[in-house]
Amino acid sequence: MSVAGSPAPQAGSTDSSKARSDELRRQIEHHNYRYYVLDDPEVSDAEFDALMRELEGLEKDHPDLVTPDSPTQRVGAHPAEGFATVRHRLPMLSLANGFEPDEIRDFDRRVRERLAKQTGDPELVEAAVIYMAEPKLDGLAISLIYEDGRLVQAATRGDGETGEDVTTNVRTIRPIPLHLGDRFTDDAPRVLEVRGEVFMRRADFERLNAGLEAEGQRGFMNPRNAAAGSLRQLDSQVTARRPLSFFAYSVGFVEGGTLPDTQSGTLDWLRQLGFPACPEREVLEGVEACLDYYERVAERRATLDYEIDGIVYKVDSLADQQALGFVSRAPRWAIAHKFPAEERTTTLRNVEFRVGRTGALTPVARLEPVLVGGVMVSNATLHNMDEIARKDIRIGDRVIVRRAGDVIPEVVGRAGGERPADTRAIEMPAACPECGSHIERPEGEAVARCTGGLVCPAQRREALKHFVSRRALDIEGFGEKLIEQVADGGLVQSPADLFALDAERLEALERVGPKLAENLVNALDQARETTLARFIFALGIREVGEVTARNLASYYGDLDVLMKADAEALQEVPDVGPIVAEHIANFFAEPHNLEVIRALREADVHWPDPPRRAAPETADAAPLAGRTYVLTGSFESMTRDEAKAALEARGAKITGSVSKKTTAVIAGADPGSKVTKAESLDIPILGPDDLAQLLA
């Protein structure tokens with residue numbers, strides 16, 4: 001059956017069969033684009049199905065015509081044994097959340113102030129920022145890698161650094177193009193990473209659950225669980241039968257080509273390439289327009305064909321996004337404005353105290369299970385004893401439980417009405433529930449802590465879990481259950497003991513066979529080679545996250561130098577304040593911690609020596625130490641990034657804005673407003689020749 005005047009296939013001719021199969025694929029891709037992207041189909045479902053059947057028949061008669069990205073290949077493959085791990089070329093960051101209008105206004109203020117500081121233009125503090133806003137879908141983030149216009153890899157977000165390879169499953173999702181065809185022009189990137197959300201529409205979710213229940217199977221709790229469960233099927237043929245949808249929301253890693261210079265322009269461009277994008281997105285001027293958009297979408301939330309849990313605001317200019325940068329694992333140029341949290345009432349049965357890796361005791365509410373936002377909640381955080389007292393919560397109370405998106409459920413407070421007669425007060429234990437050590441609460445802190453240190457099994461377990469985690473030493477296979485076994489069984493007392501484990505001792509553990517034991521030993525061997533930043537983060541120093549660990553590694557470049565630094569010197573490191581500096585200095589002053597580090601080094605845990613940003617103890621190696629420069633304009637002999645790296649290698653500090661602390665501004669060709677700002681502050685302005693002299 002032919003469609004829309006298409007010529008009938010010519011039997012018996014390989015060339016004509018190939019030409020016809022190419023034409024059919026082109027037509028099918030065109031109609032997919034009209035249906036999924038433009039929402040404006042040109043043919044009926046029956047006519048589209050006829051094209052698919054004709055292509056399937058041709059490929060059956062001529063197997064050599066089948067291509068990996070043919071529309072007929074969306075049926076899935078044989079079940080896989082598991083998902084391989086994929087490291088993202090650029091981290092997939094999470095977003096900061098805001099719930100109240102004033103939190104969004106504060107975000108906007110920070111954006112304006114930082115842009116003014118970065119550009120040296122104080123007028124930007126009062127200027128309205130252009131944002132792109134779109135609904136925040138309640139789905140599963142995905143990364144799609146295209147090479148020369150063809151889909152070669154798809155991965156889940158995972159922990160932001162690494163995810164799971166779900167390429168086979170993603171190929172079955174019809175709205176995701178397998179190749180970009182004629183729309184992928186010569187000036188497009190050779191490698192293009194498209195990021196977006198896999199989700200399930202409400203109507204599709206209801207049909208899926210109805211079908212599962214008719215077959216006697218249990219349905220999914222909500223569309224998000226259905227989407228996540230469908231995408232992570234080891235049998236991609238199951239995924240192929242699930243009605244998954246997709247919206248693109250950004251571009252990640254790019255190699256070659258030219259791209260638009262705005263967030264909104266990027267989505268328009270992706271749509272032209274064949275990627276569906278949320279039709280509700282808008283470009284807005286100023287924060288009040290964003291808040292108005294939030295209210296408009298909130299009113300229509302229940303009528304949308306997909307579930308959303310808030311609005312995402314992004315600075316529209318990509319140049320401004322780059323200038324604003326990141327903090328920890330979130331961009332400074334975007335925020336999620338979450339819809340009000342869902343709340344339910346239930347009974348507080350009991351309170352237990354969980355001990356973290358720093359010894360902090362967190363009260364955890366054990367609740368009569370209650371459905372909140374599509375998730376059955378039986379545990380919720382009570383934060384600390386001050387919060388419990390402020391909210392006047394007792395065991396046996398009827399309490400209000402709140403859950404917002406993926407935020408940990410919390411007990412908001414006591415429900416109204418008369419308090420039951422048999423309630424009892426919540427009391428902080430006098431001794432650690434894990435090890436019996438004394439509990440102390442430092443003056444001025446809300447958190448009580450166990451003093452047992454690594455003597456405490458809970459702290460030891462949590463410290464080991466942190467040490468092996470993906471963002472630390474990333475020791476594959478050492479999950480929570482296995483860590484609990486080796487810690488509680490006495491095989492491992494400190495992180496260094498992990499590297500003494502052999503296959504024989506691992507095989508003696510529950511559910512660890514010879515093959516798994518061998519894999520675990522190999523994973524330990526691979527983890528011996530790491531980076532200084534990961535190693536510092538893995539040590540679990542209080543309040544030292546990934547960004548601080550990277551800054552410490554970049555600034556000192558040598559663990560021994562870092563360990564000798566006092567609290568005052570540590571505050572010279574970017575983003576290290578007095579409290580964090582004190583925690584770091586105290587950690588390296590503890591003999592037990594030094595012993596663990598020594599044992600890890602003896603176990604051959606090592607890292608390459610990175611170039612030092614500064615070496616405070618050796619002035620000859622850091623002739624520019626103590627000086628702060630600002631670069632502006634372009635230089636013939638090197639890029640600005642190369643100039644920055646060269647100056648930092650000699651001990652200088654490079655900032656993006658001019659202030660009274662600036663030693664000098666180094667200006668190349670076509671400098672910006674930073675030169676004017678420097679002149680107003682009587683700060684020296686250096687040229688390319690001066691830069692060459694500094695580097696010499």
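**View 1. Antiparallel pairing of strands E4 and E5.** Strand E4 (residues 140–147) pairs with E5 in the antiparallel sense over six bridges; two strands count as paired if DSSP finds at least two bridges between them. Helices (H or I, at least four residues) and strands (E, at least two) are DSSP runs numbered from the N terminus. Ile145 stands opposite Gln153 in E5. The model is a predicted one, in which local features need pLDDT of at least 70 and side-chain atom pairs count only at pLDDT 80 or more, while totals for chains, interfaces and linings use all residues. Residues are numbered from 1 along each chain as its sequence is written, and side-chain values use heavy atoms, with hydrogens and water left out.

View 2. Four strands form an open sheet in the order E5-E4-E7-E8, with antiparallel pairing. Strand E5 (150–156) and strand E8 (245–255) each have a single partner strand, so one side of each is left without a neighbour in the sheet. From one strand to the next, the twist averages 25 degrees. Helix H6 (residues 223–231) packs on the sheet and touches E4, E5 and strand E7 (191–199); contact means heavy atoms within 4.5 Å. The direction of H6 makes about 40 degrees with that of E4. Axes are lines fitted to C-alpha atoms, for helices over the stretch in contact, and angles run from 0 to 180 degrees between N-to-C directions. Helix H8 (residues 263–273) also packs on the sheet, touching E7 and E8, and its direction makes about 110 degrees with that of E8.

**View 3. Two nonpolar cores.** A nonpolar core is a set of buried Ala, Val, Leu, Ile, Met, Phe, Trp, Tyr and Cys residues joined through side-chain atoms within 4.5 Å. Buried means under 20% relative accessible area, exposed over 50%, and partly exposed in between (1.4 Å probe, protein chains only). The largest core has 59 residues, of which Ile475, Phe478, Leu498 and Phe499 touch the most other members. Leaving aside residues up to four places away in sequence, Ile475 touches Phe467, Val468, Phe499, Ala523, Leu524 and Ala527. A second, separate core of 33 residues includes Leu144, Val194, Leu244 and Phe246. In soluble globular proteins, nonpolar side chains tend to be buried together.

**View 4. Aromatic pairs, with Phe535 and Trp607 in detail.** The structure holds eleven aromatic pairs. Rings of Phe, Tyr and Trp (its six-membered ring) pair if their centres lie within 6.5 Å; planes under 30 degrees apart count as stacked, over 60 as edge-to-face and the rest as tilted. Phe535 and Trp607 form a tilted pair, 4.7 Å centre to centre with 35 degrees between the planes. Phe535 lies in helix H17 (residues 532–538) and Trp607 in the loop between H22 and E21, so the pair ties together parts that are 72 residues apart in sequence. Phe535 is buried at 0% relative accessible area, and Trp607 is buried at 13%. The ring planes of Tyr555 and Tyr556 stand at 70 degrees, with centres 5.0 Å apart, so this pair is edge-to-face. Tyr555 is buried at 14%, as is Tyr556 at 3%. Elsewhere, ring pairs link Phe199, Phe247 and Tyr306 into a cluster.

**View 5. Cysteines without a disulfide.** The structure holds zero disulfides, a disulfide being a pair of cysteine sulfur atoms within 2.5 Å. For Cys278, the nearest cysteine sulfur is that of Cys290, 15 Å away. Cys278 is buried, with a relative accessible area of 1%. The sulfur of Cys435 has its closest cysteine sulfur in Cys450 at 3.6 Å, too far for a bond. Cys435 is partly exposed at 27% relative accessible area.

View 6. Most residues other than glycine have a negative phi. Asp392 has a positive phi, near 55 degrees, and sits in the loop between helix H11 (385–391) and strand E17 (398–403). Its relative accessible area of 39% makes Asp392 partly exposed. Asp604 also has a positive phi, near 70 degrees; Asp604 lies in the loop between H22 and E21 and is partly exposed at 44%. Pro623 is found in the loop between helix H22 (591–602) and strand E21 (628–632) and is partly exposed at 46%. The C-alpha atoms of Pro623 and Leu647 are separated by 9.7 Å, with the two residues 24 apart along the chain.
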